[in-house]
Amino acid sequence: MGRKTLAVIRGSTAGVSVTLSLYIARLFTLFVLAMIAALTGLVSLFDFIDLLRRVATKPDVPTSLVTEIAGLHVPYFMITIMPFGILLGGIVCFWRLTRSSELIVARAAGISAWQFLAAPLACAIIVGLLGMGALSPLSSIMFRKAELLDETYLKTGGGPLTLNGGALWLRQSDDTAEGRGVAILHARDVRLQEGVLHINEISIFRLDDHDHLVLRIEAPNGFLAKGMWRLEDASTVRPDHLPVKIGRYDLPTNLTLTRVKESFASPETLSFWELPGFIHLLERSGFSSIRHRLHFQTLLALPILCGTMALVSAGFSMRPTRRGGVARMLGSGIAAGFALFTISKVAAQFGESGALPPVLAAWAPTGAGLCLAVTLLLHLEDG
């Protein structure tokens with residue numbers, strides 16, 4: 001009889017534990033999503049104000065363009081502040097449950113903190129997985145469009161430049177007597193050798209100010225010299241004329257090797273699924289892929305970082321109110337979140353400079369936060 005009673009009690013406790021975990025997970029998810037939305041709106045507002053300041057010097061650019069660019073930045077900001085949103089949302093959630101004595105009663109009933117934290121932890125990891133696998137492709141598409149609009153209407157200098165499938169596409173102004181419009185350069189293969197950018201199988205289309213073709217130039221190979229693209233064994237083709245061999249041909253440009261490197265697709269314009277292929281392409285072409293590898297590892301660590309932030313929020317906000325010092329504990333949790341955010345940015349700078357391997361730069365802040373969270377929870381649960 002005693003054994004049956006004990007089994008019933010254990011089964012009842014397990015059922016209560018599952019029900020409580022689902023209740024906390026639902027509350028945790030609502031607070032986290034609300035906090036992410038609020039922080040994203042705040043950051044987007046500051047971005048909109050900054051774009052308005054830049055547009056103020058360009059009277060021919062409409063305000064609607066600013067709204068469009070700011071709206072296209074929203075998914076990127078959402079991914080960026082997601083861990084901090086989980087931290088703040090978790091702090092508010094667990095503090096509310098502690099203040100109402102729900103967690104205190106649950107722990108007094110024999111339910112361990114590790115039991116009812118499993119569901120919120122799983123929710124945080126799922127949010128991170130959705131950010132990595134689903135929100136990242138949407139963010140990359142919208143951020144790429146925002147960069148194109150920014151480059152076209154708000155920035156000065158050379159036009160858009162992309163590296164797609166190993167091919168180079170470049171659009172730049174053409175102020176020579178033959179062009180008086182734009183020049184579009186396409187090279188099927190790009191390679192960086194000994195500090196010189198070499199291009200092969202080149203086609204250049206020179207257009208007038210009405211986008212009518214003036215001249216087409218074909219060359220098997222060439223390279224980027226100071227202030228010009230130098231083509232070897234070039235041929236020119238004019239409308240309704242036969243090709244003419246001209247040998248060496250120089251196309252003026254304001255591009256430099258540094259700007260070419262910076263102009264290739266930024267990591268933010270590539271989704272988690274596209275990054276491995278683009279990294280391979282950069283390395284095959286001889287360009288540095290550190291920034292892209294760091295961004296890939298950062299996205300890969302996002303679910304673990306989100307779970308870590310959930311545990312950190314629990315560790316800082318589950319202290320019973322009767323012990324006092326609640327404001328100090330909540331402030332410490334927010335300060336810890338800012339500290340982890342700062343550490344991650346500093347580590348990213350070291351990673352981009354090559355001082356740290358990208359894997360270490362991306363995962364070290366997550367590991368540090370996880371150690372902090374586990375230490376806090378062990379102290380809270382086991383004294």
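Trainee: Which residues do ring pairs link into a cluster here?

Mentor: Y76, F77 and F143 are joined into a cluster by ring pairs. Rings of Phe, Tyr and Trp (its six-membered ring) pair if their centres lie within 6.5 Å; planes under 30 degrees apart are stacked, over 60 edge-to-face, and the rest tilted. This is a predicted model, in which local features need pLDDT of at least 70 and side-chain atom pairs count only at pLDDT 80 or more, while totals for chains, interfaces and linings use all residues. Residues are numbered from 1 along each chain as its sequence is written, and side-chain values use heavy atoms, with hydrogens and water left out.

Trainee: How many aromatic pairs does a search of the whole structure find?

Mentor: A pair of aromatic rings is described by the distance of the centres and the angle of the planes. The search of the whole structure gives six aromatic pairs. For F28 and F94 the ring centres are 5.9 Å apart and the planes stand at 35°, so this pair is tilted. F28 belongs to helix α1 and F94 to helix α3 (residues 74-99), so the pair ties together parts 66 residues apart in sequence. Helices here are DSSP runs of H or I with at least four residues, strands are E runs of at least two, and both are numbered from the N terminus.

Trainee: Are F28 and F94 buried or exposed?

Mentor: Buried means under 20% relative accessible area, exposed over 50%, and partly exposed in between (1.4 Å probe, protein chains only). F28 has a relative accessible area of 2% and is buried; F94, at 1%, is buried as well. Another aromatic pair, F272 and F296, is stacked, at 5.1 Å centre to centre with 15° between the planes. F272 sits in the loop between α7 and α8 and F296 in helix α9 (residues 290-317), 24 residues apart, so the pair links distant parts of the chain. F272 counts as buried at 8% relative accessibility, and F296 counts as buried at 17%.

Trainee: How many salt bridges are there in the whole structure?

Mentor: Side chains of opposite charge can pair when their charged atoms come close. A salt bridge is a side-chain nitrogen of Lys or Arg within 4 Å of a carboxyl oxygen of Asp or Glu, and the whole structure has eight. One of them joins D150 and R54, at 2.9 Å from N to O. D150 is in helix α6 (residues 118-154) and R54 in helix α1 (residues 2-55), so the bridge ties together parts that are 96 residues apart in sequence. D150 is buried at 9% relative accessibility, whereas R54 is partly exposed at 24%.

Trainee: Which residue forms a salt bridge with E274?

Mentor: The partner is R144, with the closest N and O atoms 3.5 Å apart. This pair also links distant parts of the chain, 130 residues apart: E274 is in the loop between α7 (257-263) and α8 (275-285), and R144 is in helix α6. E274 is partly exposed at 38% relative accessibility, and R144 is partly exposed at 36%.

Trainee: Which residues touch the most other members of the largest nonpolar core?

Mentor: In soluble globular proteins, nonpolar side chains tend to be buried together. A nonpolar core is a set of buried Ala, Val, Leu, Ile, Met, Phe, Trp, Tyr and Cys residues joined through side-chain atoms within 4.5 Å. The largest has 73 residues, and I86, F94, L185, I199, W229 and L231 touch the most other members. Apart from it lies another core of 11 residues, including L51, I69, A70 and L149.
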